[in-house]
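User: Please take a close look at one part of this model, the shell around the ligand. Then place it against the domains.

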Amino acid sequence: MNAATPCVPANAATQTGFPPSRETIRGSVEAGGSLADFIWFRTGGPAEWLVRPADVEDLAGLLKTLDPSTPVLPVGVGSNLIVRDGGVPGVVVRLPKAMAKVSVEDGRVRAGAGAMGITVASAARDAGIAGLEFLRGIPGTVGGAVRMNAGAYGRDVSDILIEATVVTRDGAVETWPAARFGYVYRHSDLPAGAVVVEAVFSGTPGEPAVIGAEMDRIAAEREASQPLRSRTGGSTFKNPEGHKAWALIDAAGCRGLTRGDAQVSEKHCNFLLNLGSASSAEIEALGEEVRTKVKAHSGVTLEWEIQRVGVAK
Ligand SMILES: Cc1cc2nc3c(=O)[nH]c(=O)nc-3n(C[C@H](O)[C@H](O)[C@H](O)COP(=O)(O)OP(=O)(O)OC[C@H]3O[C@@H](n4cnc5c(N)ncnc54)[C@H](O)[C@@H]3O)c2cc1C
């Protein structure tokens with residue numbers, strides 16, 4: 001299936017009330033837009049409709065007019081996603097550069113949800129705001145981090161988020177205080193179809209040189225321990241209470257396990273890799289095999305951290 005081919009029957013445009021006319025959206029709308037072109041695993045089918053809104057108002061207008069039965073999936077850079085091989089029905093929203101601006105006001109960092117974590121951490125460092133260094137090591141967008149409660153080194157988004165602006169599935173623009181996200185480990189209560197468009201983070205006063213040194217330490221540690229230049233989706237499974245997922249996977253004999261071109265990383269065995277031409281089905285099946293082996297070996301049920309979206313082929 002190529003990028004110009006929708007992954008649903010030809011009459012789907014009528015079923016979903018799509019595509020909108022140029023009066024409805026100022027951004028871009030692509031039928032059958034490729035997701036494999038940019039997500040980290042480089043696998044999976046296309047979006048039925050890939051939409052890049054021009055700005056918040058454009059996105060809100062689109063969601064307001066869209067048939068309520070049409071599924072909406074926001075994506076960042078796909079650093080925590082398996083997109084299944086049959087593609088994603090409905091509308092996939094990808095935020096444009098115009099929604100990735102980062103600024104500092106009154107000791108707080110305000111970031112468009114399309115901004116990368118490293119950009120936020122760097123802006124905080126330059127402004128002498130400590131506590132956001134961990135975002136240096138998370139290769140995703142602010143939207144993905146707010147949704148996933150991303151974290152590392154004992155801190156996560158719930159520790160630094162003040163509030164975030166969300167466009168709800170019915171097109172309302174709302175500012176939510178952090179408490180409304182119902183954060184627990186790698187989870188928020190953000191409803192399906194809601195799109196985070198901006199976030200405000202706080203930290204504590206710090207020396208830029210010290211903050212920068214901590215960011216460098218994080219970068220070096222990541223380089224040494226994670227397959228950063230591979231096609232991967234980050235940590236595959238959540239760490240179960242009292243355990244490290246990688247240690248359970250290692251103990252169950254899964255380090256280096258393969259299925260087609262999918263492999264459990266030798267470097268960090270809670271990472272799955274696409275060695276070249278793996279399908280999403282192979283990657284997901286390998287993950288399920290790991291879960292089965294870990295359950296048999298240690299009795300622990302691993303829970304997926306990677307978000308699996310779309311339909312099988
Ligand atoms: C090498 C590597 C290292 C990693 N290390 C860490 C780590 O230390 N800690 C950690 O927590 N994660 C880590 N990850 C996973 C990943 O980077 C994070 O989960 C990140 O927050 C995902 O951001 P993203 O923009 O890529 O989101 P995506 O992967 O595109 O999407 C992830 C989820 O967020 C949702 N989402 C994305 N954007 C929005 C938005 N604007 N509004 C609403 N929902 C949205 C998607 O619908 C999906 O459910 C790592 C990944 C890699 C590849």
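**The ligand shell**

Helix α4 supplies the largest share of the shell around the ligand, five residues. Helices here are DSSP runs of H or I with at least four residues, strands are E runs with at least two, and both are numbered from the N terminus. This is a predicted model: local features need pLDDT of at least 70, side-chain atom pairs count only at pLDDT 80 or more, and totals for chains, interfaces and linings use all residues. Numbering starts from 1 along each chain, as its sequence is written.

In total, 35 residues surround the ligand. A residue is near a molecule if its C-beta atom, placed from the backbone, lies within 6 Å of it. The closest are Gly-76, Gly-140, Gly-143, Gly-144 and Gly-234. Elements that give two or more residues to this shell are β3, α4 (142-148), β9 (151-152), β13 (195-202) and β15 (231-235). By class, the shell has 18 nonpolar, 16 polar and one charged residues. Ala, Val, Leu, Ile, Met, Phe, Trp, Tyr, Cys and Pro count as nonpolar; Asp, Glu, Lys and Arg as charged; the others, Gly among them, as polar.

Now the domains. The assignment gives domain 1 (12-94), domain 2 (100-210) and domain 3 (228-309); such bounds come from an automatic or database assignment. The centres of domain 1 and domain 2, taken over C-alpha atoms, are 23 Å apart. Their contact takes 14 residues from domain 1 and 14 residues from domain 2, where contact means C-beta atoms, placed from the backbone, within 7 Å. On the domain 1 side, α2 (56-65) and β3 (72-75) each give two or more residues. α2 gives the most, with six residues. That side has nine nonpolar, four polar and one charged residues.

Conventions: Two residues are in contact if their C-beta atoms, placed from the backbone, lie within 7 Å.
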